[in-house]
Structures are given as C-alpha cells and as structure tokens.
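Hi everyone, thanks for making time. Have a look at the structure on the screen, and I'll talk you through a few spots.

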Amino acid sequence: MSDHGEQPANRLREELPDEVPPSLSAPGQDPQGGRPERNGPTGRQRLLKGLWPPRLTRAQLIVALLLFGLGFGLAVQVASNSDSDSALRGARQEDLVRILDELDDRTQRLEDEKQGLEKQRDELENSSDQAEEARKQTLEKERQLGILAGTVAAQGPGITVTIEDTKGTVEADMLLDAIQELRAAGAEAIQVNGVRVVAGTYLADADNSVAVDGNKINAPYRFLVIGKPQDLEPALNIPGGVVQTLEKEQATVTVERSSKIVVDALRAAERPDYARSSSQ
C-alpha cells in the first residue's frame, strides 16, 4: 500500500523542475524583486522629445516675425515720445505757453486760408460778371505766386534776424533749420544777405562760410522775413529751437520786430524744361 501511495507524488515531483530559470519569469517583472521592467522611454523623456526641437510651420514663423516687427516699432515710438515728453517736461511755464500759442496761431492761419478759398469760390459762383471776377482773382493769385517764387519784391510786417558768428561755428544746416522754422511759422518772403529764398533754395558749407543757391555769404547772417511777427519770433525761441542751438555754438542771435520789412532781392523767372500746364 505504501508503494502505491508514494508513486503519484514521486511522479508529480519528477514532472516539475526544481527551480524556475530567470528567463522563464513573468514578462515585465524583475526576477528578484518582482518590479516591472522599463523597456521604453520614461514620460519625462517623451515630453522633452515632443517639445524640443520645436517644429514651426511657415505660418507660425511669419506671425512671429510680424509680432517682432510690431513690438520693435512700438518700442521705438515709445522711446521717441518719451524723449519729446522729457524735453517738454523740463521746459519753463512761459515756454510751454508760447508753444501752445504757436500751435493755436498755426491752426488759425489754416482756418483763415480755408475761409479765404471758400470766399473766392462763393464770389465766382455768385458774381454777375464771372469772367471779370475770375480775371481779378487770377491777377491776385499771380502776384501771390510771384512773391513766393521771388520774381517780385514784397513788403510788410515781419522780423529781422541777425546771427553773429565770430567763432566760425555756424554751418549751413543751422541756417537751413532757421529757414524751415520760419516757413513753418508762416513766413511769406525771406531774404538772407541779399539772396532771395524760394522753394528750391539750397544751402551748403563753403570755405568757413555758407553758400545760398551757389552764392557765398559771410557772417553776420541777416535774415529779412515778412510775416506775422507774433508768430515768427516765438518760433525761433522755443526750447531746443534755432536760437538755443546757435547759442550753444557760441553764436549771438538778435531778433527784432518791425511793422515794415522790405524784401527786394529778386530771382529770375525760370521756365521749366519739361513740365507744362495740364490745361494746354
């Protein structure tokens, strides 16, 4: 009986191996500790791989460039405005009042010019003799254009500007700034040391002096300017303007108002080589 009872147990023991080899362990588990094996990349590695290197489409690149350009432009504009604001912030109260008055005067001049043109239009539309009215306006316009072109003499209220340059530091661009500031303030006729200033006038440095349209002039530089004196003089004396710039160069600037300024230097009328009236 004992032989028959031990025979099945011995047979079962012979069928089972004594120990399971490591290669036959459960897949995904550590043979010793039973921890799962990490055969692939970790989650952090997969995240980094997805973020770098960045994959930009063409549209995204264009948008990025546009945003960069916009930001750069805004930065430059803010810096420019900051400089202007700081200059005005450091100005005296009377200087600020003078700048505001100049802006108001410019606005008023433009409004007056607009009203004058509207009046001319109404006169042409309502005149019983439109041909005669048109002729009068044509002659008046010809006279005005002659003053601007420098082909006729002019007189009227204005200022005289004298620039003494004993150090020889005044250059052509400084005188050009003065001319441009006077024009912006409403100057209708300008003459510098006997040379009429017109729309095409140019200035250049020439042997420690200045040439105006090729005509050499020497210090002191004397400007005869026709216009509203109350607008012309403040325009030159604004903070950081023409007078302060010239004084920094050790030049002396004198501005005098007058009820009568005579600008009699003339320019020869030049016929254009190519331009013709569109009405011909």
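Let's start with a charged pair: Arg257 and Glu233 form a salt bridge through their side chains, at 2.4 Å from N to O. Arg257 sits in strand β8 while Glu233 belongs to helix α7 (residues 229–236), so this pair ties together parts that are 24 residues apart in sequence. As for cover, Arg257 is partly exposed, at a relative accessible area of 47%. And one thing to keep in mind throughout: this is a predicted model.

I'll show you two others.

Next up, Asp213 and Arg267, whose side chains meet at 2.7 Å, N to O. This pair links distant parts of the chain, 54 residues apart: Asp213 is in the loop between β5 (210–212) and β6 (215–217), and Arg267 is in the segment after β8 (252–263). Is Asp213 buried or exposed? With 15% relative accessibility, Asp213 counts as buried, because the cut-off for buried is under 20%.

Arg143 and Glu140 form a salt bridge, and their closest N and O atoms are 2.7 Å apart. Both lie in helix α5 (residues 130–149), three residues apart, which is about one turn of the helix. Arg143 has a relative accessible area of 45%, partly exposed, and Glu140 is partly exposed too, at 33%.

Okay, over to helix α6. It has 13 residues and reaches 18 Å from the first C-alpha to the last, close to the 18 Å expected. Which residues of α6 are buried? Those are Ala172, Met174, Leu175, Ala178, Ile179 and Leu182. Just after α6 comes Gly186, which takes a positive phi of about 105°.

Around here there's also a negative surface patch, made by Glu171, Asp173, Asp177 and Asp205. Glu171 is in the loop between β1 (154–164) and α6 (172–184), and Glu171 is partly exposed, with a relative accessible area of 38%.

Last stop, a patch of another kind. Val63, Leu67, Leu70 and Leu74 form a nonpolar patch on the surface, and together they have about 400 Å² of accessible area. To find Leu74 on the screen, look in helix α3, residues 58–89.

How values were computed. Residues numbered from 1 in each chain as written. Predicted model: local features only at pLDDT ≥ 70, side-chain atom pairs only at ≥ 80, totals over all residues. Heavy atoms only, no water. Patch = residues over 30% accessible without salt bridge, like charges linked within 9 Å, V, L, I, M, F, W, Y side chains within 5 Å. Areas by Shrake-Rupley, 256 points an atom, 1.4 Å probe, with all protein chains shown as cover. Salt bridge = Lys/Arg side-chain N within 4 Å of Asp/Glu carboxyl O. Helix = DSSP H or I, 4+ residues; strand = E, 2+ residues; numbered from the N terminus. Lys, Arg positive; Asp, Glu negative; His and termini not counted. Charge placed at Lys NZ, Arg CZ, Asp CG, Glu CD. Buried < 20%, exposed > 50% of the residue type's maximum accessible area, 1.4 Å probe, protein only. Expected span 1.5 Å × (residues − 1).
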